[in-house]
Amino acid sequence: MIATDRDDFERELTKLLPDELHDVRTRFERIDEHKDGSFAVSDVGYMLYGNGCNLRGSSSRYPAGLLYDDGEAVFGVGYFSKEGSLRKHLHIIAPRGEGAPEAVAKVVGLVRDNALSDASVYLRHLDDAQREAFLADGYREIDTDPWHHLAPEEDESYPNRVFRLDDLLAANEQGDLEVRTLSSEAHRSFRTKGKQAHRRFQNFLDREGLRFELVPHTYSEADCRTGYGIVNEYFEARRQQGALIGSTPEDYWPVVHQQPHGTAEHDYFAYRGYLVGEGVREPVALFVGERTGAQSAGLYCTLTLRFPQRLALAVEDHRGFTAIPQFVWLEVFKRLHRAGIREVDAGGSETLGLDDQKRQLGGQARKTHWVVLPEMQERILAGAGKGTNDGER
């Protein structure tokens, strides 16, 4: 019988791979060994994309998700339904390391040979070379079986946006970081947009007698409660705007409560943002990132509450408030710059509007990919790049 529940699926798959499948949270040091500067290969990246809190694929045993680790290859393993469907699909997330294509083939083969699932299989967070290799081995382009009709590759439908912080920030005579005018020809039509937005929101703060505070998210019980509140309020506001595609509040639960390994402000970066005034301390932002290389980091949670009418603040003049997302991004970038980070990958987007916000702030495109293996029409026996598959059956 085909398993339809994630707990059932994971129980049977871990019986087949008892030495290779692990709770992500027990493999943080191994993940660190595979960091290559790419977005998804990090503690937070694997938890975000393989998490078992999403209601379309909840896991009671592995709420932060599973990691395949055979001593050489690593990748995330998820099991989710598409929106509006009960049927679940195996997800392989960011395969890396020696023998990764063969390891992916091994897992997919075991799932199908043991009738754990006959649904299509999705591989995501692939670079250009990986995509071509898997396509050569019988996987298909994502448009043959898109994950979502409006966002075929979920938040990789639009490219990752990479920010080079020295292009955005510069130290003034006092040594404080200030927002720069973008100089690249690619930014010609919006060179001052970020700088102007930062100034507009600062003017709002000054006019209303408020200040913005960015504080560490320490993963204490109180901090997590506040973090959940920010996440839930963000998604409720977006839902009322009719702007939700793909992501859910539950996607961010492991990010809110599970502390990555290492040292805060060096290995990982977790902040909550507040608007503060006389008798007022209103949480308005949650940002979580992780170092992915010597001078690179990924940002995985970038939530800002941007609708002033939903806040408890008594604001007389809302002019400039809509610039709060750009303001918070740039304030977080300043923290990352001081920590030695010079390149920040903020991931991709489900919609053009979300992509435009990152692009106009100065983010440059870096595309990653999905591929799909059709449901029980083909089975990959050898790894990508070997040029073998057993065709249709």
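**Entry 1: helix 8**

What covers the buried residues of helix 8? I put this to the model, which is a predicted one. I found that the cover includes strand 9 (211–216), strand 10 (268–277), strand 11 (280–291) and strand 12 (296–304), along with helix 9 (253–257) and helix 11 (352–360).

I then listed what is being covered. In helix 8 the buried residues are Asp 223, Cys 224, Gly 227, Ile 230, Val 231, Tyr 234, Phe 235, Ala 237 and Arg 238. They sit on the same side of helix 8, because they cover an arc of only 165 degrees around the axis. I reminded myself that an α-helix has 3.6 residues a turn, so residues three or four places apart point the same way. On the face turned away from the buried side I noted the exposed residues Glu 221, Arg 225 and Gln 240.

I also checked the length. Helix 8 runs over residues 221–240, 20 residues in total, and spans 29 Å from its first C-alpha to its last, close to the 28 Å expected at 1.5 Å a residue. Just past its end, Gly 242 has a positive phi of about 70 degrees.

**Entry 2: helix 11, from its own side**

Which residues of helix 11 are buried? They are Leu 354, Asp 355 and Lys 358. I see them packing against strand 6 (160–164), helix 8 and helix 10. Just after helix 11 comes Gly 362, with a positive phi of about 120 degrees.

**Entry 3: helix 1**

Next I went to helix 1 (residues 6–16). Its buried residues are Arg 6, Phe 9, Glu 10, Leu 13 and Thr 14. An arc of only 120 degrees around the axis holds them, which puts them on the same side of helix 1. Their cover includes two helices, helix 3 and helix 4 (100–113). Strand 1 (21–23), strand 2 (66–69), strand 3 and strand 4 are also included.

**Entry 4: the nonpolar cores**

Which residues have the most contacts inside the largest nonpolar core? I got Tyr 46, Phe 163, Phe 201 and Phe 333, in a core of 74 residues. Helix 10 (residues 324–338) gives the most to this core, with eight residues. Another core, of 28 residues, lies apart from it, and I noted Leu 17, Val 108, Val 111 and Val 371 among its members.

Leaving out residues up to four places away in sequence, Phe 333 touches Phe 163, Leu 165, Leu 168, Leu 169, Leu 299, Val 344 and Leu 361.

**Entry 5: cavities**

How many cavities of 30 Å³ or more does the structure hold? I counted four. The largest cavity has about 660 Å³ of space. It is lined by 42 residues, and the closest to its centre are Asp 155, Ser 247, Tyr 252, Gly 348 and Glu 350. Strand 12 brings the largest share of that lining, five residues. Each of helix 3 (43–50), strand 3 (74–81), helix 8, strand 12, helix 10 and helix 11 supplies at least two.

His 91 is found in strand 4. Is His 91 buried or exposed? It is buried, with a relative accessible area of 2%. Its contacts, not counting residues up to four places away in sequence, are Gly 76, Val 77, Gly 78, Phe 80, Tyr 122, Arg 124, Trp 147 and Trp 370.

For the backbone I kept in mind that most residues other than glycine have a negative phi. His 125 has a positive phi of about 60 degrees although it is not a glycine. His 125 is in strand 5 (residues 121–126), and its relative accessible area of 4% makes it buried. Glu 265, also not a glycine, has a positive phi of about 75 degrees. I located Glu 265 in the loop between helix 9 and strand 10, where it counts as partly exposed at 32% relative accessibility.

**Entry 6: a loop residue**

Last, I looked at Glu 83, in the loop between strand 3 and strand 4 (88–96). Glu 83 is partly exposed, at 39% relative accessible area. Its C-alpha is separated by 35 Å from that of Gly 194, 111 residues apart along the chain.

Key:
Residues numbered from 1 in each chain as written. Predicted model: local features only at pLDDT ≥ 70, side-chain atom pairs only at ≥ 80, totals over all residues. Heavy atoms only, no water. Core = buried A, V, L, I, M, F, W, Y, C linked by side-chain atoms within 4.5 Å. Buried < 20%, exposed > 50% of the residue type's maximum accessible area, 1.4 Å probe, protein only. Helix = DSSP H or I, 4+ residues; strand = E, 2+ residues; numbered from the N terminus. Contact = heavy atoms within 4.5 Å. Expected span 1.5 Å × (residues − 1). Arc of directions from axis to C-beta. 1 Å grid on protein atoms, 1.4 Å probe; cavity = no way out; pocket = protein on both sides within 12 Å on 5 of 7 lines; lining within 4 Å. Points joined across faces, edges and corners; volume = space filled by probe spheres on them.
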